[in-house]
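Here is my notebook for a first walk through this structure. Keep the view open and follow along with me.

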Amino acid sequence: MDASAAPAAPAKKISTEIMILLITLLAVVAWGASVFFFGIPGLYIPALALVPVMYLMLIIISRG
């Protein structure tokens, strides 16, 4: 039996919870790297940039 006739291994599906966790972890690491490279502005400028996003999230949540 040669390798081309062997059945393919089933692909593993990453769950939604794991994907959300990985994206959140990546965002925290990126923010930490921003603080490391740019100092205090790297801490507050991304937070300031996310204010409109959080405002929209609050509107979406309040609408149900």
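I began with the term for helices: they are DSSP runs of H or I with at least four residues, strands are runs of E with at least two, and both are numbered from the N terminus.

Two notes on the source. I am reading a predicted model, where local features need pLDDT of at least 70, side-chain atom pairs count only at pLDDT 80 or more, and totals for chains, interfaces and linings use all residues. Residues are numbered from 1 along each chain as its sequence is written, and side-chain values use heavy atoms, with hydrogens and water left out.

**Entry: the whole chain**
I counted 3 helices and 0 strands, in the order α-α-α along the sequence. I then checked cover, where buried means under 20% relative accessible area, exposed over 50%, and partly exposed in between (1.4 Å probe, protein chains only). Of the 64 residues, 3% count as buried. The chain exposes about 6,100 Å², and carbon and sulfur atoms supply 79% of that area.

**Entry: α3**
I found α3 at residues 51–63, reaching 19 Å from its first C-alpha to its last, close to the expected 18 Å. The expected span is 1.5 Å times one less than the number of residues. How many of its 13 residues are buried? I got 0, so α3 is hardly covered.

**Entry: α1**
I saw that α1 has 23 residues and reaches 33 Å, close to the 33 Å expected. Just after α1, Gly 39 also has a positive phi, about 75°.

Is Ser 34 buried or exposed? Ser 34 sits in α1 and counts as buried because its relative accessible area is 15%. I traced its side chain to the backbone oxygen of Gly 42, at 3.1 Å.

**Entry: rings**
I looked for rings of Phe, Tyr and Trp (its six-membered ring) whose centres lie within 6.5 Å; planes under 30 degrees apart count as stacked, over 60 as edge-to-face and the rest as tilted. The count is 1 aromatic pair. Phe 36 and Phe 37 form an edge-to-face pair, 5.2 Å centre to centre with 75° between the planes. Both Phe 36 and Phe 37 are exposed.

**Entry: before α1**
Last, I looked up Ile 14, which lies in the segment before α1 (16–38). Ile 14 counts as exposed because its relative accessibility is 52%.

Notes: Accessible areas come from the Shrake-Rupley method with a 1.4 Å probe; for residues, only the protein chains shown count as cover. A polar contact is a pair of N or O atoms within 3.5 Å; within protein, one must be able to donate a hydrogen and the other to accept it, and residues adjacent in sequence count only if both atoms are side-chain atoms.
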